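Please look at the sequence and the structure below before reading on. The report that follows goes through loops, strands, the helix and the nonpolar regions in turn.

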Amino acid sequence: MDASQLEAYLPLVLLVVVGYLLLIRPARKRARATAELQSALSPGDEVMLSSGLFGVLVDVVDEVAQVELAPGIVVRVHRGAVTQIITDRPSPVADDADDDVPRLPGETSGDDDAGKS
């Protein structure tokens with residue numbers, strides 16, 4: 001092979017290298033990250049599903065995960081639907097947080113006039 005034949009293959013070789021760097025390598029990285037996330041799932045984790053719903057993981061058996069979306073509302077989803085484990089939970093809101101709201105003079109809370117009609 002002489003140099004002119006090697007030059008003819010150069011664009012093809014560059015195309016394969018660029019394709020690997022832009023397509024195959026990032027896809028493998030995403031697949032590895034997803035596999036690590038799936039193996040790290042454990043009951044009690046707050047998770048985000050692929051639909052955007054947030055919940056607490058109740059149980060994981062094989063490919064099925066049970067996620068509690070609200071107290072008493074447990075849904076079964078495919079394990080792959082869990083896309084993120086939420087690590088920074090917001091502090092729970094107190095039940096009587098309405099008492100801490102500053103009010104204008106003469107203003108009452110919404111509960112005071114609940115029975116008035």
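## The loop between β2 and β3

Asp-62 lies in the loop between β2 (54–61) and β3, where helices (H or I, at least four residues) and strands (E, at least two) are DSSP runs, numbered from the N terminus. Because its relative accessible area is 63%, Asp-62 is exposed; the term exposed stands for over 50% relative accessible area, buried for under 20%, and partly exposed for values in between (1.4 Å probe, protein chains only). The phi of Asp-62 is near 50°, which is a positive value in a residue other than glycine. As background, most residues other than glycine have a negative phi.

The model described here is predicted, and for this reason local features need pLDDT of at least 70 and side-chain atom pairs count only at pLDDT 80 or more, while totals for chains, interfaces and linings use all residues. Residues are numbered from 1 along each chain as its sequence is written, and side-chain values use heavy atoms, with hydrogens and water left out.

## Overall make-up

The secondary structure of the protein comes to 1 helix and 5 strands, and from the N terminus on these elements follow the order α-β-β-β-β-β. Of the 117 residues in the protein, 15% are buried. The accessible surface comes to about 9,300 Å², and 59% of it belongs to carbon and sulfur atoms; such areas come from the Shrake-Rupley method with a 1.4 Å probe, and for residues only the protein chains shown count as cover.

Among the contacts in the protein with a separation of 6 or more, 36% are accounted for by residues 24 or more positions apart, a contact being heavy atoms within 4.5 Å.

## Strand pairs and their hairpins

How many bridges does the pairing of β1 and β2 have? These two strands pair in the antiparallel sense over 3 bridges, and two strands are said to pair if DSSP finds at least two bridges between them. In β2, Phe-54 is the bridge partner of Met-48. The hairpin that β1 and β2 form has 4 residues between the strands, and Gly-52 in its turn has a positive phi of about 95°.

β2 and β3 also pair in the antiparallel sense, over 5 bridges. Val-60 has Ala-65 in β3 as its bridge partner, while Val-61 stands opposite Val-64 in β3. The hairpin of these two strands has 2 residues between them, and it is here that Asp-62 takes its positive phi.

β3 and β4 run antiparallel and are joined by 6 bridges. Two residues with a place opposite β4 are Glu-68, which faces Val-74, and Ala-70, which faces Ile-73. In the hairpin of β3 and β4, with 2 residues between the strands, Gly-72 takes a positive phi near 85°.

Arg-76 has its place in strand β4 (residues 73–78), and because its relative accessibility is 64%, Arg-76 counts as exposed. Leaving aside neighbours within four places in sequence, Arg-76 is in contact with Val-64, Ala-65 and Gln-66. Arg-76 and Gln-66 are 10 residues apart in sequence, and their C-alpha atoms are 4.6 Å apart in space.

Gly-44 is found in the loop between α1 and β1, and it counts as partly exposed because its relative accessible area is 42%. Gly-44 and Glu-68 are 24 residues apart along the chain, and their C-alpha atoms are separated by 9.7 Å.

## The nonpolar core

Which residues make up the largest nonpolar core? This core has 9 residues, namely Leu-41, Val-47, Leu-49, Leu-57, Ala-65, Val-67, Val-77, Ala-81 and Val-82. β1 (46–49) and β3 (64–70) each supply at least two residues of this core. A nonpolar core is defined as a set of buried Ala, Val, Leu, Ile, Met, Phe, Trp, Tyr and Cys residues joined through side-chain atoms within 4.5 Å.

Not counting residues up to four places away in sequence, Val-82 touches Leu-37, Gln-38, Leu-41, Val-47, Met-48 and Leu-49.

Val-18 lies in helix α1 (residues 3–40), and because its relative accessibility is 42%, Val-18 counts as partly exposed. Together with Tyr-9, Leu-12, Val-13, Leu-15, Val-16, Val-17, Tyr-20, Leu-21, Leu-22, Leu-23 and Ile-24, Val-18 forms a nonpolar patch on the surface, with about 1,200 Å² of accessible area together. Patches are made of residues with over 30% relative accessible area and no salt bridge, with like charges joined within 9 Å and nonpolar side chains (Val, Leu, Ile, Met, Phe, Trp, Tyr) within 5 Å; a salt bridge is a side-chain nitrogen of Lys or Arg within 4 Å of a carboxyl oxygen of Asp or Glu.
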